[in-house]
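The stops below are meant to be selected in order.

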Amino acid sequence: MEEVHVSTHPLVLHKLALLRNELTEPKKFRELVREIAQLLFYEATQDLPLAPLTVQTPLAPAQGYAVADRVGVIPILRAGLGMAEAVVEILPTMHVWHLGLYRDHETLQPVTYYNKLPAEPDIDISIIVDPMLATGGSAVAAVDILKRWGAKQIKFLGLIAAPEGVQLLRTAHPDVAIYLAAIDSHLNERGYIVPGLGDAGDRQFGTG
Ligand code: URA
């Protein structure tokens, strides 16, 4: 069983409070999503395998390292877009595979509307990004799709989770490590995380 990592880093906690604030405007909100995503990505990639190499400095050859595995980020559209852009800034060799899943507002079940994964897996590590792990339905569906595709190592990176979402994802896919900035109190009757931050898509894109 992989672990659930909830960041205790002071910078993550500081920025998370700003992100939650209802007065935070979309521009600042997007900036905070990116910054927190990068800090969580740093934590989630501590175990990336390295290949040794030699690099020539202006003075002499030096021993160095390169990330050995092919890493892909899979943003769940549309709220995961900001997080995906942020992690690609840190590791520009990453592949980005978009997955369009929306929650049916009546049944709260995920529906796939966009999936352009190539026929064969071209990455060793798949990192799903979605800011809100609410019911967990979309995350479980995304992992199902990636596993059917042939993905071997899968991690989930989110900002805020409800206990219900963590539980569902862990039960369905215990081999997926989960990285978060917080686990909140509960889901309300409309499927929103409480206290959460509202709708992460609307708040990033100024809609709603
Ligand atoms: N999606 C969101 O954007 N916010 C929630 O609270 C739950 C799902």
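The tour goes from the annotated domain to the ligand, and then to single residues around the annotated sites.

**Domain**

The model is predicted. Begin by selecting residues 6-207, which UniProt lists, in an unreviewed entry, as "domain: Phosphoribosyltransferase". Over this range the chain is 34% helix and 29% strand.

**Ligand**

Which residues surround the ligand? They are Arg 103, Met 132, Ala 134, Gly 191, Tyr 192, Ile 193, Gly 198, Asp 199 and Ala 200.

Now display backbone atoms and look at the polar ones facing the ligand. A backbone N or O atom of Ile 193 is 2.7 Å from a ligand oxygen atom. At Gly 198, a polar backbone atom lies 2.8 Å from a nitrogen atom of the ligand. At Ala 200, a polar backbone atom is 2.7 Å from an oxygen atom of the ligand. The ligand taken alone exposes 240 Å², and the protein buries 89% of that.

**First annotated site**

Select Ile 193, Gly 198, Asp 199 and Ala 200, where UniProt (unreviewed entry) places a "binding site" feature. The lining of the largest pocket includes Ile 193, Gly 198, Asp 199 and Ala 200.

Zoom in on Asp 199, in the loop between strand 15 (193-194) and helix 6 (200-205). Is Asp 199 buried or partly exposed? Asp 199 counts as partly exposed because its relative accessible area is 27%, between the limits of 20% and 50%. Leaving out neighbours within four places in sequence, Asp 199 is in contact with Arg 78 and Tyr 192. Show side chains here: those of Asp 199 and Tyr 192 make a polar contact of 3.5 Å.

Move on to Ala 200, which lies in helix 6. Ala 200 has a relative accessible area of 5% and is therefore buried, the limit being under 20%. Residues up to four places away in sequence aside, Ala 200 touches Phe 29, Ala 79, Pro 131 and Met 132.

**Second annotated site**

UniProt (unreviewed entry) also places a "binding site" feature at a set of residues including Arg 78, Arg 103, Pro 131, Ser 138 and Asp 199. Among the residues of this set that line the largest pocket are Arg 78, Arg 103, Ser 138 and Asp 199.

Select Arg 78, found in the loop between strand 4 (71-77) and helix 3 (81-90). Its relative accessibility is 33%, so Arg 78 counts as partly exposed. Which residues is Arg 78 in contact with, leaving aside its neighbours within four places in sequence? The contacts are Tyr 113, Asp 199, Gly 201, Asp 202, Phe 205 and Thr 207. With side chains on, find the polar contact of 2.8 Å that joins Arg 78 and Asp 202.

The last stop is Ser 138, in helix 4 (residues 137-149). Ser 138 counts as buried because its relative accessibility is 14%. Apart from neighbours within four places in sequence, Ser 138 is in contact with Ile 76, Leu 101 and Pro 110.

Notes:
Residues are numbered from 1 along each chain as its sequence is written. This is a predicted model: local features need pLDDT of at least 70, side-chain atom pairs count only at pLDDT 80 or more; totals for chains, interfaces and linings use all residues. Side-chain values use heavy atoms; hydrogens and water are left out. UniProt positions are given in the numbering used here, feature names are shortened, and annotations may be inferred rather than shown by experiment. On a 1 Å grid over the protein atoms alone, a cavity is a set of points where a 1.4 Å probe fits but cannot get out, and a pocket is an open set with protein on both sides within 12 Å along at least five of seven lines; lining residues have an atom within 4 Å of a point. Helices (H or I, at least four residues) and strands (E, at least two) are DSSP runs, numbered from the N terminus. Buried means under 20% relative accessible area, exposed over 50%, partly exposed in between (1.4 Å probe, protein chains only). Contact means heavy atoms within 4.5 Å. A polar contact is a pair of N or O atoms within 3.5 Å; within protein, one must be able to donate a hydrogen and the other to accept it, and residues adjacent in sequence count only if both atoms are side-chain atoms. A residue is near a molecule or strand if one of its heavy atoms lies within 4 Å of it. Accessible areas come from the Shrake-Rupley method with a 1.4 Å probe; for residues, only the protein chains shown count as cover.
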